[in-house]
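Read the following with the sequence and the model side by side.

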Amino acid sequence: MSNIITDETIEYVSILAKLDLSEEEREQAKKDMGSMLDYIDKLNELNTQGVEPMSHIFPVNNVFREDVLENGDDRDNLLSNAPQKKDGCYKVPKTVE
Amino acid sequence: MKQYEMVIGLEVHVELATKTKIFCSCTTQFGGSPNTHTCPVCTGMPGSLPVLNKQVVEYAMAVGIATNCDITRYSKFDRKNYFYPDNPQNYQISQLYLPICRNGYVEIETQSGTKKIGIHEIHMEEDAGKLIHDEWEDCTLVDYNRSGVPLIEIVSEPDLRSAQEVITYLEKLRLLIQYLGASDCKLNEGSMRADVNLSIRPVGAQEYGTRTEMKNLNSFKAISRAIEAEKLRQIELIEEGKTVIQETRRWDDNKEYSYAMRSKEDAQDYRYFPDPDLAPVVVTQEWVDSILNRQPEFRDAKIKRYIEDFKIPEYDAQIITSSKHLADIFEETVELSGQPKEASNWIMVETMHILKVREMEPEKVSFSPSNLAKLIKLIESGKINRTVAKEVFEVIFDKDMDPEKYVEENGLIMESDEGALKEIIQKIVDANPKSVEDFHGGKEKALGFLVGQAMKETKGKANPALINKILKEILMH
Amino acid sequence: MDIMSLTALEMGRKIKNKEIGVVEAAKAALDRSEALESIVHGFVTLDGEGAIRSAQRIQKLIDEGTLTGPLAGVPMAVKDNICTKGLLTTCSSKILYNFVPPYSAQAVLNMEKAGAVIIGKTNMDEFAMGSTTETSAYGVTRNPWNMDHVPGGSSGGSCAVVASEEVSYSLGSDTGGSIRQPSSFCGVTGIKPTYGTVSRYGLIAYGSSLDQIGPVAKNVSDCTAILEAVASFDKKDSTSVLRENYDFSSALVDDVKGMKIGIPRDYFGQGLDEDVKAAVMAAASILEQKGAIVEEFDLSLTEYAIPAYYVIASAEASSNLARFDGVKYGYRAPEFEGLHEMYKKSRSQGFGAEVKRRIMLGSFVLSSGYYDAYYLKALRTKALIKEAFDKAFAKYDIILGPVAPSTAPRLGESLTDPIKMYLGDIYTIAVNLAGLPAISLPCGRDKKGLPIGLQLIGDCFKENNIIRAAYSFEQTREYERPEIAKEERR
């Protein structure tokens, strides 16, 4: 394996991804990510110099809506899936210390 | 001690005055019960997709043109990924790689003359929801009414050197944007917010020091205080041989103190990438031209026109145009009343007086020009005198009352019935023989006293000129 | 007569002619599902009551003459990553175990307008990440042709319930082959339309730039009718494309004379099962006998499609799946201390291993320092792949090849080696990167008796070319039903 994924990398990526991996998952993730990156490194065989990265497949531009009000109050419907709610709000653990 | 100078760059967020949000057709109206201005898109429901509001692009371009920016011909939206509950998708749709405007500047007046402040870029993005901290249950409540309200972020170059320059620059931006109608720029409602990037360096140095970013600045005063405090904090660190850490700090204006916002869970790696759900924005020259043609008359042009067309002093023109809102009221009042001088007086004297006493922002003025115009006409036609007019104006200012109705209902129409007045004045003359004597003895002051008595008797609504005339007639007889 | 053995269009005709009632059809589908689900397990949710209710409503509309479409009243199923208002939509993930969407996907609204009776939501790989339907949090779906084998994925449920005749047709979604490969494994027909043809509004995103909803049915005619019903230009989806025409039925012509068909040599190399190769080549020669001009050529870049795909799809997924955090909907961990622990625990407990694997990879390739080397490199590769297809379509009307290197693997065989599993998508993935339409239809069976799929790929917006070729080929063989579908209703 040419891509060695360190504990620090896994720790860092799991902070970004908000995932809490068990010791076992962590080891597996190191292996998986290493071998995936080895595989992905195959792309380096390709000379892509001067090739524009293609994020959108079709040259469709300027897709707009007009500034017209269409939506009304749909709170109860939208809140119906909230794990916890209070006073018409989504309730979460406190965000400030 | 060494002399230090500050190097300041600003990131100014401005909420645009569109009717609907940037990516869905929910209202942008301020306030409202929590989550009543939301839909699947702005609450990040699975499967929902954003569609760009065209007006957002037009406002952003208008601000870019007004700040001498290049308009990017091929611009895209990127996702900024970070977890926080005010951000329902856990990514904010913003622009990193290809923002809509770049390389502009605005000019500000400083003690040492005109100075150009560079605009690095202006990009479009969505606002986040509001977090309400519930003291009772020790939890946080999330309201997504603001989620998806369109913002532009105006990023300046690090060209500012003092708190005064920062305030001047912000005032300039605010006026410009208000004139464009692109935002009301209310700091207290959060429709204009500034983050301050600040570093210090010894005077004369070329290199920049390490900067910090200060957030949560809700007023010009807070901005000034935060800048001064951060300057001192950084100087102290350096003088003590310590280093400034590049970090984001939150300003607490009550404690006049800032603290670092870092935590282990904030990696500050936003993993920006082009949003696959949104199409690129392509701007043609025709589109730029059409925005350019629709640009409004800005402040300098207004001042010139007021002086030339309305013949009002430059000082007055400057005060009135210092708020687009006041200028709008003024111009419409002139239009309706045909009396620029009068209209200007009511704004310069009475309006400014009330604003000062009540510590109000000019933007809060809510009376309609038509009522002020009616008031001016009531005076012009002699139906009320100036004393009454001042009283009526306060009612207009507070309740936007129709002055014609008000004076009618309160019996404030000027007493111009000569017969009735004569009777009143005769009584006053009879009751004040001493004053009559003094008058005849050459004491002009006595006349003033008698006029005052008559005004008092008529509860201020008599025509003062008429009182003078009648009084003199009686006394000379 | 077992009415579930009918094709969707046959059933639609009988409903129109009052030979079958809509409620009767819905009940037949529900009975059959009830009988077979314990074996096949193609559904996450069956909605008997809802189905009967909408059947009654639709019968009325048909009787009034307001609903006249060819699919009116026909019972169908929807993949569980497509939002259905008021009906549980889980993406086969624990993290959405209780999510009842407050709105319906545009694709669902379009099908309802066409008179579809939704029987339930079909099982899939969790968040469409997988090729076997084994990553579902709600148990595996079995291949109706052999219960020891997987149905393929990620639309495994959608394909299995059509093969087992629990419903007449279904909707699936295809990000890297997720309609075509399970269609191939289950012996049914599926179309991945040109990107932008079917609205993605309400499709729970995996890889937004690659995802497309498409039909799964017993034959090409059914798929074409479904495609006509489900395709639309949608203002709510900025990537929706207003097409010049939405008429696909006119391509149902048994004639391929002069049609130029390219066979990429790259698709017939190492790793391709001999039985699959033989069946696909046989299909090519049938089309040739019918007058098509068949030619081999080098498509090139085939081996780069998979790594490019995994970078792009994982990157988009890492961002798309960030919204599942226990705040607004779905699973929230029962115990946690503070906000960040709530996020981490909810997500770690709510997502399965394959989803976590891709989120981790996606977060990594976008992270600072790696964006250029991985993400932009993949987008550049995508541009080259698109170019290669453009070149091919300058010469050929369609490209013909296998759907997958092998037939359906045995249950439990694939997940141990992710890269090997990913390699199974080698013939389908490039189509998504290039936004192309493609169809998968049965072309034979292997020695074990498992179905083999033929893939026909068209240029963008040229669905009609692949429909015509597929229809012509289909005329040369009988539709094959698995034994389980032939058994009497229990």
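Helices (H or I, at least four residues) and strands (E, at least two) are DSSP runs, numbered from the N terminus. For these residues of chain C, the unreviewed UniProt entry lists "domain: Amidase"; UniProt positions are given in the numbering used here, feature names are shortened, and annotations may be inferred rather than shown by experiment.

This is a predicted model, in which local features need pLDDT of at least 70, side-chain atom pairs count only at pLDDT 80 or more, and totals for chains, interfaces and linings use all residues. Residues are numbered from 1 along each chain as its sequence is written, while chains are lettered from A and ligands numbered from 1 in the order in which they are written.

Helix α2 of chain C covers residues 22-40 and bends by about 35 degrees at C:Glu34. The bend is the angle between axes fitted to the seven residues ending at a residue and the seven starting there. Among the buried residues of α2(C) are C:Val22, C:Leu30, C:Arg32 and C:Val40. A residue is buried if 20 or more other C-beta atoms lie within 10 Å of its own, exposed if 12 or fewer, and partly exposed in between, with C-beta atoms placed from the backbone. Just after α2(C) comes C:His41, with a positive phi of about 50 degrees.

Other loop residues of chain C also have backbone angles to look at. Most residues other than glycine have a negative phi, and most peptide bonds are trans. C:Ser92, in the loop between β2 (75-79) and α4 (106-113) of chain C, has a positive phi near 55 degrees. C:Ser92 counts as buried because it has 32 C-beta neighbours inside 10 Å. C:Phe461 has a positive phi of about 65 degrees and sits in the loop between β11 (451-458) and α15 (463-474) of chain C. The peptide bond between C:Gly153 and C:Ser154 is cis, with omega about 5 degrees; C:Ser154 belongs to the loop between β3 (117-122) and α5 (156-163) of chain C.

In chain A, helix α1 (residues 7-17) has the buried residues A:Ile10, A:Val13, A:Ser14, A:Leu16 and A:Ala17. They line one face of α1(A), because they fall within an arc of 155 degrees seen down its axis; the arc is that of the directions from the helix axis to the C-beta atoms. On the face turned away from this buried side, α1(A) carries the exposed residues A:Asp7, A:Glu8 and A:Glu11. The cover over the buried residues of α1(A) includes α2 (23-40) of chain A, and also α9 (302-320) and α11 (353-366) of chain C.

Chain A also meets chain B: 34 residues of chain A are in contact with 40 residues of chain B. Contact requires C-beta atoms, placed from the backbone, within 7 Å. On the chain B side, β10(B) gives the largest share, five residues.

Chain B is assigned domain 1 (4-288), domain 2 (297-409) and domain 3 (418-476), with bounds from an automatic or database domain assignment. The centres of domain 1 and domain 2 of chain B, taken over C-alpha atoms, are 35 Å apart. Six residues from domain 1 of chain B and four residues from domain 2 of chain B make up their contact.

How values were computed: Two residues are in contact if their C-beta atoms, placed from the backbone, lie within 7 Å.
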